[in-house]
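Hi,

Here is the structure I promised to pass on. Have a look at it first, then read my notes below.

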Amino acid sequence: MTPNTISAAAAGTWLLGDLKVNRIGFGAMRLTGNAPFHLGTPSDRNRVIGVLRRAVELGVNHIDTAAFYFSRLRSANELINSALAPYPDDLVIATKVGPARDTSGEWTTPARPDQLRGQVEENLRQLGRDHLDLVNLRLMGQDSIAEHFGVLAELRDAGLVRHLGISGVRPEHLAEAEAIAPVMCVQNRYGIGARAGDEMLQECAARSIAFVPFFSIAGDGREAGASGAESKQVIAVARAHGASPAQVRLAWTLQQGEHVLAIPGTGNPDHLVDNLAAGALQLTDEEITLLDSSGHHAT
């Protein structure tokens, strides 16, 4: 597959409520630099704006971002606004609320329920939107999400938010949220070697809710990115297909169910093309079994 034939549509589609998205999208966390948040070297502004525009050209119509994705010089939301506004009609932008950082970039106390409207409005301002397509409530250690999710449901009823999701949660949180308002997606850590999310993967499938894994490529590297060390199983499958390890990890993720959406992120145009090409990579049942044996079941 050449760059001219690569399309995010190759992975198929899913409905987030009434919004149809291609199952392979784009995560914005790494737009701000070679490391997320205030660490690392700031990204080249023109380069990452080009990456965003190229992503849309290649069929990406689902972008995951957050107002707390910023470095000292770059804001992911501002970059998205500059690159893509006026936005294509079919582009779905998902944001997250809950975590909070101060102006120096340090993490602060997560938002109280009464502060969530301010976080939603901050995303609206930065993105230049009059409503948000989808807002995920990121769990930040609380046992119950009812009060926080209830506030977001009120903002949805007020027209500031179209659809709701939850992130970093357990099945009991999903049940709690669904009793308040429809849940369109669940964002949890999940990937080869990080299989503690299997129960939530299955819960979402049973409810026809999108499951949106993060760190599917990075694995244990988490925010720092992939470590470069790969299991022999991933390497073997990659060699068999003439693919990169990242492509194998994304293909495995997408083949966990038609309700699974991938949101790999990068500020590198070559990595963008590589990631999107994974949507057309079909692994055999034997390769899936081999990859399932790779690594460990992270908690």
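To get you going: which residue in β5 is the bridge partner of aspartate 64? It is alanine 94. (Helices, H or I of at least four residues, and strands, E of at least two, are DSSP runs numbered from the N terminus.)

Before the rest, some housekeeping. This is a predicted model, where local features need pLDDT of at least 70 and side-chain atom pairs count only at pLDDT 80 or more, while totals for chains, interfaces and linings use all residues. Residues are numbered from 1 along each chain as its sequence is written, and side-chain values use heavy atoms, with hydrogens and water left out.

Now the sheet. Strands β4 (residues 62-64) and β5 (residues 92-97) pair in the parallel sense over three bridges; two strands count as paired if DSSP finds at least two bridges between them. They belong to an open sheet of seven strands, ordered β3-β4-β5-β6-β7-β8-β9, with parallel pairing. At the edges sit β3 (26-27) and β9, each pairing on one side only.

Next, helix α6 (residues 198-207). Its buried residues are Asp198, Met200, Leu201 and Cys204 (buried means under 20% relative accessible area, exposed over 50%, partly exposed in between, with a 1.4 Å probe and protein chains only). These cover an arc of only 165° around the axis, so they are on the same side of α6; the arc is that of the directions from the helix axis to the C-beta atoms. Gln202 and Ala206, on the other side of α6, are exposed. The buried residues pack against α5 (171-178), β8 (185-189) and β9 (210-214), where contact means heavy atoms within 4.5 Å. Just after α6, serine 208 has a positive phi of about 55°.

What about disulfides? There are zero in the structure, a disulfide being a pair of cysteine sulfur atoms within 2.5 Å. The sulfur of cysteine 185 has its closest cysteine sulfur in cysteine 204, 8.5 Å away, which is too far for a bond. Both cysteines are buried: cysteine 185 has a relative accessible area of 3%, and cysteine 204 has 0%.

Finally, the whole chain. There are 10 helices and nine strands in it. Buried residues make up 57% of the 299 residues, and the C-alpha trace spans about 50 × 45 × 35 Å along its principal axes. Of the contacts between residues at least 6 apart in sequence, 74% join residues at least 24 apart.

Cheers
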